[in-house]
Structures are given as structure tokens and as C-alpha cells.
Amino acid sequence: MAGLKIDYSTCDACGNCINTCPVKALYKRGNKVALEENNCILCGGCIDSCPYEAISINKKRTKTINREKTSGIWVYAEHKKGVMHPVVYELLGKGRELADKSKHKLTAVLIDGESSHLAKELIAYGADRVILCSHVLLESQQDEYHFDAMTTILEEEIPSIFLFGATSFGRSLAPRMAARLQTGLTADCTRLEVDDVSGNLYQTRPAFGGNLMATILCPDQRPQMATVRSGIMHAKEPDYYREGMIKRVNYKGKIKPNIEIINEIIGEKKESIGDASVIISAGRGIGSQKNMKLVRKLADVLGGQVGVSRPLVDIGWSEYPHQIGQTGAVVRPQLMITCGISGAIQHLAGIADAKTIIAINTDPEAPIFSVANYKIIDDCIEVLKMLIDSMEKKQS
Ligand SMILES: Cc1cc2nc3c(=O)[nH]c(=O)nc-3n(C[C@H](O)[C@H](O)[C@H](O)COP(=O)(O)OP(=O)(O)OC[C@H]3O[C@@H](n4cnc5c(N)ncnc54)[C@H](O)[C@@H]3O)c2cc1C
């Protein structure tokens with residue numbers, strides 16, 4: 001693995017690097033600068049701060065990774081107090097597909113305190129094997145401990161592909177792992193395909209503000225690492241008769257973390273728009289904030305939820321959890337009625353799996369019509385009033 005190298009023949013222990021290091025990986029030991037390797041994130045700040053050019057990053061891997069010896073496809077099984085994040089099941093669904101195509105095994109990595117029952121769940125969702133690493137320190141979602149535990153696991157074997165959920169935790173852990181392993185990481189992938197001959201992973205994600213899709217390869221290094229947002233991939237139906245192997249890895253928990261969790265405040269759990277089966281969504285074409293009442297009313301009448309395009313969040317007519325699209329939620333409703341939404345590519349990225357879309361727009365050329373099952377070329381306010389009226393009459 002890569003690491004920081006200090007040349008003691010030129011270092012005079014001035015301490016600049018210690019003051020610069022954001023993660024306290026460098027410290028004074030006697031009259032020398034010492035390195036706490038587990039804390040180092042290889043940011044390179046110390047290299048720039050050293051007046052004697054005594055610090056460098058050793059880019060040579062200590063072990064050359066033999067592709068034949070990489071151990072298949074891994075999924076990081078993120079959970080909180082025993083409740084698995086839904087993205088894990090979706091990643092296992094995709095991982096299973098990739099593993100079958102490339103004839104590899106699928107492994108889920110479960111780092112936790114006392115939740116070994118979850119291992120069975122991961123096997124039911126497609127894993128052939130679960131690597132289980134338990135320690136009381138790992139019960140908290142303290143990513144420095146999880147990173148340290150992952151480092152322990154990866155000392156024994158390296159996967160060919162390693163997938164993480166693009167959750168806040170995954171977005172913190174995956175780049176640390178990529179830096180430590182000196183490999184690439186493609187964030188927020190929307191498509192993953194594997195070449196069954198080379199084992200290369202084709203990682204597709206939006207680029208240039210979502211205006212084109214880029215496919216990224218990491219042909220020279222292993223693992224090939226990617227994060228995927230929740231709702232993009234599809235989970236398979238669980239099969240509780242599936243059998244798999246459980247491998248336990250010991251973790252000693254010796255690091256001193258830089259972050260201390262003092263208190264955890266759990267926010268109120270709101271129904272997620274990603275799970276809604278009916279969505280009435282509003283865009284800039286609704287004209288004014290007061291018209292949001294009509295959108296909410298139709299959503300209530302139909303037992304659905306309100307979604308919005310990004311500009312409505314930007315101008316404060318709605319809140320971020322309601323935003324749909326590339327930088328918002330990915331939704332899969334049975335029925336979606338869009339009101340005054342143009343259908344920009346970044347918005348369409350969030351509604352590709354909607355079953356039936358009824359689009360209302362005054363512009364017959366609006367791109368939303370290219371994905372709509374039913375088109376209403378009219379003023380959305382008038383159509384909303386008519387729909388509410390007729391639904392209320394039906395229900396009374
Ligand atoms: C990096 C990046 C990420 C982004 N992420 C997202 C995202 O996650 N989600 C998202 O939504 N956007 C996102 N965007 C913004 C996106 O590009 C569009 O600007 C946005 O989706 C447009 O929102 P809109 O359709 O509400 O507004 P507009 O594009 O302004 O469209 C309004 C539509 O309303 C119609 N209209 C006007 N009056 C009426 C009426 N009375 N009745 C019916 N129709 C009417 C018009 O014909 C028009 O088609 C992102 C952009 C970038 C660069």
C-alpha cells in the first residue's frame with residue numbers, strides 16, 4: 001500500500017508538517033517527526049509545508065496486485081444499529097449480476113458491533129460470502145474506526161471491484177480507502193458493467209453538469225472502486241434458503257481517532273419521496289409559491305407525495321428532501337403527474353423508473369413529453385384545479 005516517507009537525512013524536525021497535518025498523523029517522538037500511518041489520509045499538505053523537501057509519498061505498492069489473486073466483487077454493507085441501508089441491497093443486486101457475468105464471488109463486508117444476524121440477510125440478497133468484523137468500537141459510525149478495520153481486512157485480500165453506497169458515510173469512507181489503496185474511485189455511478197475477459201469495470205456517471213454521461217475505467221489498479229446513490233440499482237428478491245460463507249476478521253481497535261462523538265441526535269424520520277407510489281411534482285411553470293397548495297392538495301387527494309424540480313428548492317418554495325433529479329432523490333412511483341416541469345436531463349435522471357408519467361406543460365416541445373406516457377398541453381394550474389375537483393367529487 002502507498003505511504004508517506006520521511007527522509008531523516010534532510011528532516012530537521014522543524015515541526016511545520018506537524019502543524020499543517022489536518023488529521024494529526026504526524027507528531028514529535030524525541031527529536032524526530034514520527035508518522036501514525038493509520039491516521040494519514042495522504043492529502044500531501046505536509047509535503048508542501050516542508051522547507052527541506054524531506055517528505056514524499058511512496059507511490060510504489062508494497063505488493064504488486066496479481067489480478068488472478070483478487071478476490072471478486074465486494075460490497076460495503078452499511079447499516080446503522082442493525083438496520084441495513086437500502087442501498088446495500090441494491091448494490092448486492094448489481095454485484096450479483098457483475099459476479100455472475102465475470103464468474104467471480106460476491107462478498108459483503110459487514111463491519112459492526114453485534115449484528116452478525118445481518119450476515120444471513122446479506123446472503124439472502126445475493127452475497128456468496130460475508131466478511132464480518134466485530135468490535136465494540138465499531139458500533140458507532142465512527143469512520144476512522146471503520147477505515148482502520150477495513151485496512152485490517154484488506155491486508156489479507158484485495159477485491160477486484162469494491163462498491164459503496166453514495167451515502168454521507170460511504171462518501172467519507174470510500175475516498176479514504178481509495179487513497180490508502182492508491183486506486184481510482186468513481187463517485188455517483190448510474191451504470192456499472194463488467195468486461196468478463198479483462199475484469200475491467202465500466203463505471204458510467206453524469207459529467208459536465210449532467211449534460212453528458214462519461215464512462216470511466218481503472219484498468220491498471222485494483223480494486224476498482226465506485227459509489228452509487230440509493231435508488232439507482234435494483235435489489236433482487238431475497239432468497240432465505242441461499243447459503244453462504246461467513247469469514248470473521250479480528251479487529252484490535254488500537255488507533256486514536258481524531259473525531260470524538262459526544263452526542264448523537266437522531267432527526268425525525270420523515271417518509272422518503274423515494275418510496276412514494278404516487279408523486280405530484282411541480283416545476284417553475286407553476287408560477288408562484290401559492291400554487292404549491294394545489295399541488296399538495298392533489299397529492300393528498302391521491303394519497304401521494306409532492307416532488308419538485310431543483311429551481312423550486314433554490315428559490316425556497318419547497319425543501320430539498322422533495323427535490324427529484326440528479327442532485328435530488330431518485331424516485332420509482334407507479335404514477336407521477338408533472339406540472340410545469342420542462343424535463344431537463346438532470347431532472348429526468350431521477351424519474352427514469354417512474355411507471356406512468358402524466359406531463360402537463362404549455363410547450364408542446366418540452367423534453368418532459370419525450371418520457372411521458374400521457375401528454376397534457378395546457379396550463380397546469382387549470383388542469384390541477386380540474387383534477388382536484390373531479391377527484392373530490394368521485395370520493396364524496
Ligand atoms: C449539476 C446540475 C445538477 C442539477 N440537478 C437537478 C436536479 O436534481 N433536479 C432538477 O430538477 N434540476 C436539476 N438541475 C437543474 C436543471 O438543469 C433544470 O434547470 C431544472 O430541472 C429546470 O426546472 P423546471 O423544469 O422547473 O424549470 P424550467 O426549465 O424553467 O421549465 C419550466 C417549464 O414550465 C412550463 N410552463 C410554464 N408555464 C406553464 C404553465 N402555466 N403550465 C404548464 N407549464 C408551464 C414551460 O414551458 C417550461 O417547460 C441541475 C443542474 C445542474 C447544472
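Reply: Happy to! Strand 13, residues 201-207, is mostly covered, with five of its seven residues buried. Buried here means under 20% relative accessible area, exposed means over 50%, and partly exposed is in between (1.4 Å probe, protein chains only). Helices (H or I, at least four residues) and strands (E, at least two) are DSSP runs, numbered from the N terminus.

Me: Where does this model come from, and how are residues numbered?

Reply: This is a predicted model, where local features need pLDDT of at least 70, side-chain atom pairs count only at pLDDT 80 or more, and totals for chains, interfaces and linings use all residues. Residues are numbered from 1 along each chain as its sequence is written, and side-chain values use heavy atoms, with hydrogens and water left out.

Me: Got it. In which sense do strand 12 and strand 13 pair, and over how many bridges?

Reply: Strand 12 (residues 191-194) and strand 13 pair in the antiparallel sense, over four bridges. Two strands pair if DSSP finds at least two bridges between them. As one example, E193 has Y202 in strand 13 as its bridge partner.

Me: And how many residues sit between them in the hairpin?

Reply: Six residues lie between strand 12 and strand 13 in their hairpin, and G199 in the turn has a positive phi of about 80°.

Me: What about strand 14, how many bridges join it to strand 13?

Reply: Five bridges join these two antiparallel strands, and strand 14 covers residues 212-216. A207 stands opposite L212 in strand 14. Their hairpin has four residues between the strands, and there F208 takes a positive phi near 50°.

Me: Let's zoom out. How many helices and strands does the protein chain have?

Reply: The protein chain has 10 helices and 21 strands. Of its 396 residues, 49% are buried. The C-alpha atoms fill a box of roughly 85 × 55 × 45 Å, taken along the principal axes.

Me: Which domains is the chain divided into?

Reply: There is domain 1 (3-58), domain 2 (67-248) and domain 3 (273-395). These bounds come from an automatic or database domain assignment.

Me: How many Å separate the centres of domain 1 and domain 2?

Reply: Their centres, taken over C-alpha atoms, are separated by 32 Å. Five residues from domain 1 and five residues from domain 2 take part in the contact, where contact means heavy atoms within 4.5 Å.

Me: What area is buried between domain 1 and domain 2?

Reply: About 510 Å², with carbon and sulfur atoms giving 42% of it. Buried area is the accessible area (1.4 Å probe) that two parts lose on being put together, summed over both. In domain 1, N38, I41 and L42 lose the most area to domain 2, together 68% of what that side buries.

Me: OK, then how many does the structure hold?

Reply: The structure holds 14 salt bridges. Side chains of opposite charge can pair when their charged atoms come close. In one of the bridges, the side chains of K94 and E97 meet at 2.9 Å, N to O.

Me: Where are K94 and E97 relative to each other?

Reply: K94 and E97 are three residues apart in helix 3 (residues 86-102), so about one helical turn separates them. K94 is buried, at 8% relative accessible area, whereas E97 is partly exposed at 41%.

Me: Which parts does the pair of K247 and E156 tie together?

Reply: K247 and E156 meet in a salt bridge at 3.0 Å, N to O. K247 lies in strand 16 (residues 245-248) and E156 in helix 5 (residues 143-156), so the pair ties together parts 91 residues apart in sequence. E156 is exposed, with a relative accessible area of 53%.

Me: Which residues are linked in a network of salt bridges?

Reply: R96, D100, D128 and R242 are linked that way.

Me: Last one! Is Y125 buried or exposed?

Reply: Y125 counts as buried because its relative accessibility is 14%. Y125 sits in the loop between helix 4 (117-124) and strand 9 (129-134). Not counting residues up to four places away in sequence, Y125 touches Y89, L92, K236, P238 and Y240.

Key: Salt bridge = Lys/Arg side-chain N within 4 Å of Asp/Glu carboxyl O.
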